[in-house]
Amino acid sequence: MSPTGYAARRLALGAAQVLAVATAVFLLVEALPGDAAVALAGDHPDPTRIEAIRAAMGLDRPGWERFGQWLAGLPRLDFGVSLVSGRPVAEFLGDGIGPTLVLAVLTLVLLVPLSVLVGVLAALREGGALDRVLTSVSVALHSIPEFALAVVLIAVFGVRLGWLPPTAVGVDVLAEPAVLVLPLVVLLARPICSIGRLVRAGMLDALASEHVRHARQLGIGEARIRFAHALPNALAPAVQQVARTTDWLLGGVIVVEAVFVVPGLGTTLVDAVAGRDLPVVQGLALVFAVTTVTVNLLADLVAFRLAPRTGVTT
């Protein structure tokens, strides 16, 4: 199959995946308990007022009709209007995407060099004290859930020692970047462990390979053998893991933003679910779905380019 044909096939599959996710999210949100009109009517709701709110928001129409209208507006980036505030959902996305992008980009920028450094150091000291320490720390960190690590960091460095802000409540994260330190540590902890282990294993295999032994026989310097011959081969498995980590960051960011109260898309999603703000939940779920499909599509295209026999993996 040609690269163009493969890309077209993956694009069609990605569009079908996004539509399936949008349908599933709509059905799940519809199944949530409670009534948004009752919630908006106050503590002592009057049936007439509830019906008026339901009619004004279109909640009295059949679900399939509201779903069709929502799908029709997506090409125009019309995600609907918030049931709680009356603001367009697109404004919620615009307000929250900045802090989320900052967290995700900073995580990726720091993740690659730190993972390679950890993996290379462990491989070059195989079996030594440094290798055992790095391996033990990696296994321990990888076994701790994000929310548990976040709570421990807040308790130790935010509350007890007071070195860093424990949360981002009422703070502009771009004006006070110190509030991002603890969230970044949480987001980096597990990916550094997994990618670092891949780099270590790849580096050990590369150093034991035939072409490295041949390079040594030719008298090439050890530093050049390690970093010009072995390291590029060791990075190949880690590249695909970085793509999967980018996908994982979406879920991780939601948890971390909720714990540290960072005003990004994750916090917006948690607030929308708590308030049963259905259009906001659907819009955010669609954004996450499109991002996930896009990241996997790019990873598959790169893998197909490197190995044309690779088939559709998702």
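Me: Happy to start with a contact. Which residues in H6 meet which residues in H8?

Reply: Keep in mind that this is a predicted model. From H6 come Asp131, Thr135, Ser138, Leu141 and His142, and they meet Ala189, Arg190, Cys193, Ser194, Arg197 and Arg200 in H8. By class, that contact has 3 nonpolar, 4 polar and 4 charged residues.

Me: What makes H1 and H4 oblique?

Reply: H1 (residues 3–30) packs on H4 (residues 63–73) at about 140°, with the axes 12 Å apart. An angle would have to be over 145 to count as roughly antiparallel, and therefore H1 and H4 are oblique to each other. Their crossing is right-handed.

Me: Which residues bring H1 and H4 together, and what classes do they belong to?

Reply: On the H1 side you will find Leu19, Ala22, Thr23, Phe26 and Glu30, which meet Gly63, Arg66, Phe67, Trp70 and Leu71 in H4. These divide into 6 nonpolar, 2 polar and 2 charged residues.

Me: How do H5 and H8 cross, and what is the make-up of their contact?

Reply: The axes of H5 and H8 cross at roughly 40° and come within 6 Å. H5 passes H8 in a right-handed crossing. By class, this contact has 22 nonpolar, 4 polar and 1 charged residues.

Me: How many cavities are there, and what makes something count as a cavity?

Reply: Searching the whole structure for cavities of 30 Å³ or more turns up 1. The term applies where a 1.4 Å probe fits but cannot get out. The largest cavity holds about 50 Å³ of space.

Me: Which helices line the largest cavity, and which gives the most?

Reply: H5 (89–124), H6 and H8 each supply at least two residues, and H8 gives the most, with 5. The lining includes Val118, Gly119, Ala122, Leu134, Ser138, Ile192 and Cys193, along with Gly196, Arg197 and Arg200. By class, there are 5 nonpolar, 3 polar and 2 charged residues around the largest cavity.

Key: Residues are numbered from 1 along each chain as its sequence is written. This is a predicted model: local features need pLDDT of at least 70, side-chain atom pairs count only at pLDDT 80 or more; totals for chains, interfaces and linings use all residues. Side-chain values use heavy atoms; hydrogens and water are left out. Contact means heavy atoms within 4.5 Å. Helices (H or I, at least four residues) and strands (E, at least two) are DSSP runs, numbered from the N terminus. Ala, Val, Leu, Ile, Met, Phe, Trp, Tyr, Cys and Pro count as nonpolar, Asp, Glu, Lys and Arg as charged, and the others, Gly among them, as polar. On a 1 Å grid over the protein atoms alone, a cavity is a set of points where a 1.4 Å probe fits but cannot get out, and a pocket is an open set with protein on both sides within 12 Å along at least five of seven lines; lining residues have an atom within 4 Å of a point. Grid points are joined across faces, edges and corners, and a volume is the space filled by probe spheres set on the points. Axes are lines fitted to C-alpha atoms, for helices over the stretch in contact, and angles run from 0 to 180 degrees between N-to-C directions. Angles under 35 degrees count as roughly parallel, over 145 as roughly antiparallel, 65 to 115 as roughly perpendicular and the rest as oblique. A crossing is left-handed if the near helix is turned anticlockwise from the far one by less than a right angle, and right-handed if clockwise.
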